[in-house]
Amino acid sequence: MESKDERSLRWGQERDRLFLALRDTEPTEQLRAYEALGRRLAKEAQGSRERLEIQRRIAEDLLRVSSSGPWRIFSVYLRRMERLGFTAMDRRLLACVFAAQAAPGSPAGLKKLKAMIEDTERRALRKLDWSADAEEVKRALRRARKIAGILEPSEPSPGARPGTSQSRSRRRR
């Protein structure tokens, strides 16, 4: 009988093989293939924890694949990932970067990405997670902002005059 570690290793290898096999295929075909693999592996899982873990890994694969497409498709898989939960800060950061790739051109996507970044920054301040140190968190979130075209909190917006507040309304003459 296969041990938990052997099963986990085999599942990872299956995901890797699928990734390589799907390199030159359309995203919709990749999404279908990952969904099918996820269903099959979830049936093999021995217990709810194993099932949840394989669902999380497949959800991450689906985020990666869908991040190159429109936000409306990506957001379905992001909601799934959020429902399943992030196991560690590095997984949350990866989701932020994928969201940044899908968000440009979508007001809803940019709004959600900003909320994800703010939430991740708050969580990082708690320093409860071993998977990413403060510098890694800053670097990943900086990259997500750059990909999506979101300004860093300390940056002035383009065209803003030094010493002026952007929230202040113009004075009448």
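**Entry 1: ground rules**

A helix here is a DSSP run of H or I with at least four residues, and a strand is a run of E with at least two, both numbered from the N terminus. With that in hand, I looked up Asp-119 and Arg-123, and both lie in helix H6, four residues apart, about one turn of the helix.

I remind myself that this is a predicted model, where local features need pLDDT of at least 70 and side-chain atom pairs count only at pLDDT 80 or more, while totals for chains, interfaces and linings use all residues. Residues are numbered from 1 along each chain as its sequence is written, and side-chain values use heavy atoms, with hydrogens and water left out.

**Entry 2: confidence**

I checked pLDDT, the predictor's confidence in each residue, from 0 to 100. The protein has a mean of 89, and 88% of its residues reach 70 or more. Where does pLDDT stay under 50? I found that stretch at residues 162–173, for which the model has three contacts (heavy atoms within 4.5 Å) beyond four places in sequence.

**Entry 3: the core**

Next I went to the largest nonpolar core. The term stands for a set of buried Ala, Val, Leu, Ile, Met, Phe, Trp, Tyr and Cys residues joined through side-chain atoms within 4.5 Å. Buried means under 20% relative accessible area, exposed means over 50%, and partly exposed lies in between (1.4 Å probe, protein chains only).

This core has 43 residues, and Tyr-34, Leu-63, Trp-71, Phe-74, Leu-93 and Leu-113 touch the most other members. At least two core residues come from each of H1 (4–21), H2 (27–44), H3 (48–66), H4 (71–84), H5 (89–102), H6 (107–126) and H7 (134–148). H5 gives the largest share, nine residues. As a general note, nonpolar side chains tend to be buried together in soluble globular proteins.

**Entry 4: Trp-71 and Phe-74**

Trp-71 and Phe-74 both sit in helix H4, three residues apart, about one turn of the helix. Trp-71 is buried at 10% relative accessible area, and Phe-74 is buried at 0%.

How many aromatic pairs does the structure hold? I noted one. Its ring centres, in Trp-71 and Phe-74, are 5.2 Å apart with the planes at 45 degrees, so the pair is tilted. The rule is that rings of Phe, Tyr and Trp (its six-membered ring) pair if their centres lie within 6.5 Å; planes under 30 degrees apart count as stacked, over 60 as edge-to-face and the rest as tilted.

Beyond its neighbours within four places in sequence, Trp-71 is in contact with residues including Leu-78, Ala-99, Ala-102 and Lys-112.

**Entry 5: salt bridges**

I then turned to charges. A salt bridge is a side-chain nitrogen of Lys or Arg within 4 Å of a carboxyl oxygen of Asp or Glu. The structure holds 18 of these salt bridges.

One of them joins Glu-50 and Arg-7 at 2.7 Å, N to O. Glu-50 belongs to helix H3 and Arg-7 to helix H1, so this pair ties together parts that are 43 residues apart in sequence. Glu-50 counts as buried at 9% relative accessibility, and Arg-7 counts as buried at 6%.

Arg-56 and Glu-53 form another salt bridge, with the closest N and O atoms 3.4 Å apart. They are three residues apart in helix H3, about one helical turn. Is Arg-56 buried or exposed? Arg-56 is buried, at 14%, whereas Glu-53 is partly exposed at 29%.

Back at Asp-119 and Arg-123, I found their side chains meeting in a salt bridge of 2.9 Å, N to O. Arg-123 is partly exposed at 33%. I also noted a network of salt bridges linking Glu-2, Arg-10, Glu-14, Arg-40 and Glu-44.

**Entry 6: helix H2**

H2 has 18 residues and reaches 26 Å from first C-alpha to last, close to the 26 Å expected at 1.5 Å a residue; the expected span is 1.5 Å times one less than the number of residues. Among its buried residues are Leu-31, Tyr-34, Leu-37 and Leu-41. The buried residues of H2 pack against H1, H3 and H4.

**Entry 7: two last residues**

Arg-15 is in helix H1 and is buried at 18%. Leaving out residues up to four places away in sequence, Arg-15 touches Tyr-34, Leu-37, Ile-54, Arg-57, Ile-58 and Asp-61.

Phe-86 is in the loop between H4 and H5, and is buried at 18%.
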